[in-house]
Amino acid sequence: MHKPTRNEPNLLHPGPQPGDLRDIRELNLLFLVLLQGRVRKGVDCFGLPTPVRRRIRGATDAALQGMSTFPRTVFALNLDCIKSGPDIPEERDDQLRKARHALALTALLMAWNMARQQGFHARVFLGLSEDESRHLQKLPMLKLHELAEHPALLRCAFPDAVGMWTRLVQYGERGLPRSLRLLGMQPKLLGESGELRAPYASRIA
């Protein structure tokens, strides 16, 4: 159970159900497999930090599986993409375009349902702001198909956190340490280097 802060309603937020966490892991793995394929083909990599691309390119299936256990999505939904206009070239590879669209639509449907039924979970697991959650709540389902077509909708979460992405790949096969899992639940603890801010780093094994 999550206890509300001063700025939240006086309600307890129910904890995640096993099915919620399983869905997040499955979406993460689908995204990571798609991301690796795009890195290997040298096309847009959803804003993945450049220094990490070589690591993602050579990551094993086991590493991707381990990375997918990060306790929130390793991707972000850029809901402002239509408003800001396309800033990414259209995809020429039809197979990659179809794979991206399918994943984007699946992620949007999850976000749309979470925003309507479990707004707190949408913020924690998908990184949506309250404004983004409200925006999604108002969208008709048919609009999701149009939004999913946009090439700039799917982006990597924490695109400036080279250290965090490096550690995700590094620990993927061995199991993610508590410090990385903590970042997934409390990204405000993330420093500019992509590591936990002091003094938190010294407290987490």
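Biologist: Which residue forms a salt bridge with Lys143?

Modeller: Glu146 does, with the closest N and O atoms 3.2 Å apart. By salt bridge I mean a side-chain nitrogen of Lys or Arg within 4 Å of a carboxyl oxygen of Asp or Glu. Keep in mind that this is a predicted model, where local features need pLDDT of at least 70, side-chain atom pairs count only at pLDDT 80 or more, and totals for chains, interfaces and linings use all residues. Residues are numbered from 1 along each chain as its sequence is written, and side-chain values use heavy atoms, with hydrogens and water left out.

Biologist: Ok, and how far apart are Glu146 and Lys143 in helix H8?

Modeller: Three residues, so about one helical turn separates them. Helices here are DSSP runs of H or I with at least four residues, strands are E runs of at least two, and both are numbered from the N terminus.

Biologist: Which residues do salt bridges with shared partners join into one network?

Modeller: Asp94, Arg97, Lys98 and Glu149. Within that group, Arg97 and Asp94 pair at 3.1 Å between their closest N and O atoms. Both lie in helix H5, three residues apart.

Biologist: How many salt bridges are there in the whole structure?

Modeller: Seven. One of them joins the side chains of Arg155 and Asp44, at 3.2 Å from N to O. That pair links distant parts of the chain, 111 residues apart: Arg155 is in strand E2, Asp44 in the loop between helices H1 and H2.

Biologist: Switching to packing: at what angle do H5 and H8 cross?

Modeller: Roughly 140 degrees, with the axes coming within 9 Å. Axes are lines fitted to C-alpha atoms, for helices over the stretch in contact, and angles run from 0 to 180 degrees between N-to-C directions. That makes H5 oblique to H8, since under 35 degrees is roughly parallel, over 145 roughly antiparallel, 65 to 115 roughly perpendicular and the rest oblique.

Biologist: Which residues make the contact?

Modeller: With contact meaning heavy atoms within 4.5 Å, H5 brings residues including Leu105, Leu108 and Trp112, and H8 brings Met141, Leu144 and Leu147 among them.
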